[in-house]
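Good morning, colleagues. Please take a moment with the sequence and the structure on the screen, and then I shall go through the fold, the pocket and the charged contacts.

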Amino acid sequence: MVEVFRFARHRKYPKIIKHRKKYMAHDEREVANLGDRVRIKSCRPLSKNKTFNLEEILVKAPQFTSGDVKAQKGNLSLLPPAAAAAAVAKKEERVKELAKVMEEAELSAREAEEETEGESKESEEQDKANK
């Protein structure tokens with residue numbers, strides 16, 4: 001799928017409008033990737049919608065593996081590798097900080113629970129002694 005953008009001036013209002021058109025193009029050698037700038041050439045119909053062939057790749061897009069960076073909403077982020085590594089490191093630090101906070105919260109909850117148990121035992125002993 002090749003997406004072509006063109007800009008046109010609106011007839012009545014002084015505004016530039018962005019038009020988009022998608023073309024199905026046949027990549028026989030499967031060399032093109034997402035984000036590459038390519039040149040396509042018209043040919044005989046190859047299928048219902050496919051009437052173009054990939055002629056050449058003008059500019060290759062940077063390639064990332066799925067483990068580079070995952071965006072907060074689950075989509076892959078197209079960042080340079082250095083920025084991706086920094087983002088992953090930041091995320092790991094945040095996870096460690098949250099784990100520490102959770103541990104501290106659990107400890108304080110246990111301590112509070114032990115204190116209330118100790119107080120309830122003392123009050124029960126005082127009630128028995130008063131009777």
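Predicted model: local features only at pLDDT ≥ 70, side-chain atom pairs only at ≥ 80, totals over all residues.

**Strand pairing, pocket and salt bridges**

Let me begin inside the sheet, where strand E2 and strand E4, residues 50-59, pair in the parallel sense over three bridges. Within that pairing, alanine 25 stands opposite phenylalanine 52 in E4.

On its other pairing, E2, residues 16-26, runs antiparallel to strand E1, residues 2-9, and eight bridges join the two. E1 and E2 form a hairpin, with six residues between them. Arginine 9 is found opposite isoleucine 16 in E2.

What is the order of the strands in the sheet? The order is E1-E2-E4-E3, in an open sheet of four strands with mixed pairing. E1 and strand E3, residues 37-42, stand at the edges and have a single partner strand each, so one side of each is left without a neighbour in the sheet. On average, neighbouring strands of this sheet are turned by 45 degrees against each other, direction ignored.

For the chain overall, the secondary structure comes to one helix and four strands. Read along the sequence, the pattern is β-β-β-β-α. The chain has 131 residues, and buried residues make up 6% of them.

I turn now to the pocket. Rolling a probe the size of a water molecule over the atoms shows where empty space is left. The largest pocket holds about 530 Å³ of space. Its lining comprises 19 residues, and those nearest the centre are Met1, Val2, Glu3, Asp36 and Val38. Which strands contribute to the lining of the largest pocket? E1, E2, E3 and E4 each supply at least two residues. Sorted by class, that lining contains 11 nonpolar, three polar and five charged residues.

Two of the residues nearest the pocket centre, Glu3 and Asp36, bring me to the charged contacts. The count of salt bridges comes to four, and I shall discuss some of them.

In one of them, the side chains of arginine 20 and glutamate 3 meet at 3.2 Å, N to O. This pair links distant parts of the chain, with arginine 20 in strand E2 and glutamate 3 in strand E1, 17 residues apart. Are these residues buried or exposed? Arginine 20 has a relative accessibility of 55% and therefore counts as exposed, whereas glutamate 3 is partly exposed, with a relative accessible area of 36%.

Another salt bridge brings together the side chains of lysine 60 and aspartate 36, at 3.6 Å, N to O. Lysine 60 lies in the loop between E4 and helix H1, residues 81-130, and aspartate 36 lies in the loop between E2 and E3, so the pair ties together parts that are 24 residues apart in sequence. Lysine 60, at 47% relative accessibility, counts as partly exposed. Why does aspartate 36 count as buried? Aspartate 36 does so because its relative accessibility is 12%, and buried means under 20%.

A further salt bridge joins glutamate 56 to arginine 39, with the closest N and O atoms 2.3 Å apart. Here too the pair links distant parts of the chain: glutamate 56 belongs to strand E4 and arginine 39 to strand E3, and they are 17 residues apart. Glutamate 56 counts as partly exposed, at 33% relative accessibility, and arginine 39 likewise counts as partly exposed, at 38%.

I close with a point on backbone geometry. Most residues other than glycine have a negative phi. Glutamate 30 is not a glycine, although its phi is positive, at about 55 degrees. Where does glutamate 30 lie? Glutamate 30 lies in the loop between E2 and E3, and with a relative accessible area of 67% it is exposed.

To draw the parts together: the sheet is open and has mixed pairing, its four strands each supply residues to the lining of the largest pocket, and glutamate 3 and aspartate 36, both near the centre of that pocket, take part in salt bridges with arginine 20 and lysine 60. Thank you for your attention.

Technical notes: Residues numbered from 1 in each chain as written. Heavy atoms only, no water. Pairing = 2+ DSSP bridges. Axes fitted to C-alpha atoms, helices over the stretch in contact; angles between N-to-C directions. 1 Å grid on protein atoms, 1.4 Å probe; cavity = no way out; pocket = protein on both sides within 12 Å on 5 of 7 lines; lining within 4 Å. Points joined across faces, edges and corners; volume = space filled by probe spheres on them. Nonpolar A, V, L, I, M, F, W, Y, C, P; charged D, E, K, R; others polar. Buried < 20%, exposed > 50% of the residue type's maximum accessible area, 1.4 Å probe, protein only.
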